[in-house]
Amino acid sequence: MSAPQTIFLNALLWTLMLIPLWASAQMNANISRAEEENNFISLSGSYGQVIQRDAWFYGFSGEYSWRLNKLPIGIAGSFMWDQEKDITKNKVVNTFTAAVTSSYLINDRWSVGTGLGKGFMDTDNQDRNYKFTDGDWSTAIFFGYQIPLNIKSSLGISTSYEYNMSASETSFSIDLAYGFSL
């Protein structure tokens with residue numbers, strides 16, 4: 001096998017092994033329950049705790065998802081903002097993150113999801129101003145439950161077990177979301 005083929009194979013295997021874990025803080029598992037509706041918008045709030053250190057975070061996100069035809073599968077793009085408070089270091093960092101996710105609708109209420117997030121702007125600098133950065137990569141698995149309000153809208157709650165690949169630490173978060181089909 002040639003070097004490019006070996007690199008491609010290693011990247012493919014690494015990607016396949018991470019698929020069950022991909023996600024980011026504040027990603028939720030909302031996709032449209034209505035089979036005739038393919039697009040879904042949701043807004044959510046999140047709270048989480050970093051497991052390895054005395055730090056917690058909260059944040060907000062907006063997500064646009066596409067349901068694949070009448071299949072119970074959704075693909076989404078998200079933009080998130082969160083604020084992490086590290087108690088030990090007496091440090092506060094605000095971060096903007098972009099993410100790509102996928103969700104599987106187990107039934108009309110329960111879903112499971114996966115994705116990949118990348119921080120692109122934060123205040124982790126001497127001036128404490130927002131600056132574009134080569135931020136952290138995050139990954140996790142998340143589960144969601146939707147409470148239908150009507151055929152087009154729902155409230156959702158999701159939990160995620162997250163892994164910050166850049167910092168090699170894990171966290172747990174809970175999201176509350178409102179979403180509606182377009």
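## Salt bridges around Arg-53

Asp-86 and Arg-53 form a salt bridge in which the closest N and O atoms are 2.7 Å apart. Asp-86 belongs to strand E3, whereas Arg-53 sits in the loop between strand E1 (39-50) and strand E2 (55-67), so this pair ties together parts that are 33 residues apart in sequence. The model described here is a predicted one.

Arg-53 also forms a salt bridge with Glu-169, and here the closest N and O atoms are 2.7 Å apart. Because Arg-53 lies in the loop between E1 and E2 and Glu-169 in strand E9, this pair ties together parts that are 116 residues apart in sequence. A network of salt bridges links Arg-53, Glu-84, Asp-86 and Glu-169.

The members of these pairs can also be described by their accessibility. Asp-86 has a relative accessibility of 6%, so it counts as buried, the cut-off for that class being under 20%. Glu-169, at 13%, counts as buried. Arg-53, at 23% relative accessibility, counts as partly exposed.

## Other salt bridges

In general, side chains of opposite charge can pair when their charged atoms come close. The count of salt bridges in the model comes to 6. One of them joins Lys-131 to Asp-127, with the closest N and O atoms 3.2 Å apart. Lys-131 is partly exposed at 36% relative accessibility, and Asp-127 is partly exposed with a relative accessible area of 46%.

## The largest pocket

The largest pocket holds about 640 Å³ of space. Its lining consists of 30 residues, and those nearest the centre are Arg-53, Glu-84, Thr-95, Asp-136 and Asn-164.

By residue class, the lining of the largest pocket divides into 13 charged, 11 polar and 6 nonpolar residues.

## Loop residues with positive phi

Asn-90 is not a glycine, yet its phi is positive, near 50°. This residue is placed in the loop between strand E3 (73-86) and strand E4 (91-105). With 72% relative accessibility, Asn-90 counts as exposed, since that class requires over 50%.

Ser-168, which is not a glycine, has a positive phi of about 50°. Ser-168 is found in the loop between strand E8 (153-164) and strand E9 (169-181). Strand E9 is also where Glu-169, a partner of Arg-53, lies.

Notes
Residues numbered from 1 in each chain as written. Predicted model: local features only at pLDDT ≥ 70, side-chain atom pairs only at ≥ 80, totals over all residues. Heavy atoms only, no water. Helix = DSSP H or I, 4+ residues; strand = E, 2+ residues; numbered from the N terminus. Buried < 20%, exposed > 50% of the residue type's maximum accessible area, 1.4 Å probe, protein only. 1 Å grid on protein atoms, 1.4 Å probe; cavity = no way out; pocket = protein on both sides within 12 Å on 5 of 7 lines; lining within 4 Å. Points joined across faces, edges and corners; volume = space filled by probe spheres on them. Nonpolar A, V, L, I, M, F, W, Y, C, P; charged D, E, K, R; others polar. Salt bridge = Lys/Arg side-chain N within 4 Å of Asp/Glu carboxyl O.
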